[in-house]
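Here are my notes for you, as promised. Keep the model open beside them and look up each residue as you read.

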Amino acid sequence: MIRTQIDRFIRLCRRFRTWSSWDDCGFCYAGFREATAGFSSQSFICFSFTLLISAVFCLTSCFADVPAGKVFRISVDQAMWEKWGFQYPVTYIFEISGLSPGTNVKRRDSQSAAWKSMRQRDAMDFFNGIECVRFNFSQNRAFISVGFGTSNCIELEFENVTSAKFVGVARYYDDRRATYTLSLDNWGWRAGAKPGAPWKGVADDRSDNYQAALCVCRGFNLPVSIAINTSMAGSNALWNTLQEELDRQDCSWEPAVHAQTHPGSEKAYSVRGYKSEILGCRDEILQHLRYIPFGQHIFEHILTSGYFDETLLNTDISEFLFLRGFNGHDNPSSTDYAAWDALRRFYGVGGLSGKAYDPVFARRNPKGRFCESDVTELNSAVDALFKAGDICYVMWHPDRYLNSVLYDPRPGQDGVQGSTLVQHLSHIANRTDVWYVANGWLYSYRYVAEHVSVTSQ
Ligand SMILES: [Zn+2]
């Protein structure tokens, strides 16, 4: 009976492995089998404790025996790669023996492809979502951020090292301390937000409220997910604006599905049907827009009014990587990756705002007008998340504000001029120890981190 449990334990461990060196650990398994021969069931409780201690020892030994060498192969499930591309770079950590300023890392997508040297970045540099290598010479570590390209495999080669050992996938890109992920809801829903209006400048009330918001985010180097409603106010003019903003090819924003209209109940969904509202919206976005960052995919469904039911969740099966929820309040416990729904094959529903921005802006007249205590409140909330090493999920609704107030660039004077949001963003942006990422790319990263296989060649 005990041996059956050990067999089950070993099988479980095999399911959780992230690299294929487990076979090298045969001694652990054989040792367990030998150790358990002849045990009676009366010794079970005593032995269970021994088993636990031994299991920890076995795992430590086995996981210490990781892929090592100079060439490594990184791979992810073929079908999922075909569906999602996984171009967003994921950070692999290696322990290097013989690391020097002359060390070089090269990558290729297949054995027939040419090797390409990867660029290096320093810890003091500000960068997000790019392929690069960062060395930590005092720790003898390499942080290699690399995304999938023309196949579901990546090969890495280390030059001018004695040997390299794969340690694991970083929880956050470039092994950053914390993560900030931002989204904006309702582009195209309300005519009053002037979707597709000619650009007049960021703090001009005649400009499209969402284009103004995007311009502000870009100025602070904050990539943002924007939830689009496709049966929209603005029509062709809005499609043109969306495309113009993608034509920059600067990975500044991610188009996400909101819905064709803005249903917030079963009854509202019954008018067009869940499929049309959600997958129809997704198909229209893919049909109209080119140069979507990290491949022609829509990773995220941002739930209209945060509403979901069984039919909605089943409509989304395998159609998105992440479903973002909403409730309008602070959600102090929403600080981690949303769980993978194994049945429906997406992450979520999750990503509710840790700190809700809208209720803070709504206190003032006009909404969003600078107030020093509001800025302090938002800064403290986000700083606490950064300090704790959490994921900071935040969002606002650009259609609720005047551009001239919410994006007022002038220095703040309580109730007179300036913007709480702009002052807050200037406080939290551009930090080298924080990963700034759009929601869908965050979950592209997460899927790879949880499912990738790394082997030495
Ligand atoms: Zn909405």
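1. Start with tryptophan 115, which touches Lys106, Arg108 and Glu157, leaving aside residues up to four places away in sequence. Here, two residues are in contact if their C-beta atoms, placed from the backbone, lie within 7 Å. This is a predicted model, in which local features need pLDDT of at least 70 and side-chain atom pairs count only at pLDDT 80 or more, while totals for chains, interfaces and linings use all residues. Residues are numbered from 1 along each chain as its sequence is written.

2. Where does tryptophan 115 sit? Its place is the loop between strand 4 (104-108) and strand 5 (116-117). Helices (H or I, at least four residues) and strands (E, at least two) are DSSP runs, numbered from the N terminus. Tryptophan 115 has 14 other C-beta atoms within 10 Å, so it is partly exposed. A residue is buried with 20 or more other C-beta atoms within 10 Å of its own, exposed with 12 or fewer, and partly exposed in between; the C-beta atoms are placed from the backbone.

3. Next, find the open sheet of five strands, with the order 1-9-3-7-6 and antiparallel pairing. Its edge strands, each pairing on one side only, are strand 1 (68-69) and strand 6 (132-136). Two strands pair if DSSP finds at least two bridges between them. Strand 1 and strand 9 (residues 163-169) run antiparallel and are joined by two bridges. Look for alanine 68, opposite lysine 165 in strand 9.

4. Is helix 5 (residues 209-219) largely enclosed or open? Eight of its 11 residues are buried, so helix 5 is largely enclosed by the rest of the structure. Among the buried ones are Tyr210, Leu214 and Cys217. Their cover includes strand 10 (178-187), strand 11 (224-229), helix 6 (235-247) and helix 13 (420-428). Just after helix 5, asparagine 221 takes a positive phi of about 60 degrees.

5. Now for the largest nonpolar core: of its 107 residues, Val224, Ile226, Val257, Leu321 and Phe322 touch the most other members. Such a core is a set of buried Ala, Val, Leu, Ile, Met, Phe, Trp, Tyr and Cys residues joined through C-beta atoms within 7 Å. Valine 224 touches several residues, including Leu214 and Cys217, both buried residues of helix 5.

6. Finally, compare helix 11 (residues 372-388) with helix 13. Asp374, Val375, Leu378, Asn379 and Val382 in helix 11 meet Thr420, Gln423, His424, His427 and Ile428 in helix 13.

How values were computed:
Axes are lines fitted to C-alpha atoms, for helices over the stretch in contact, and angles run from 0 to 180 degrees between N-to-C directions.
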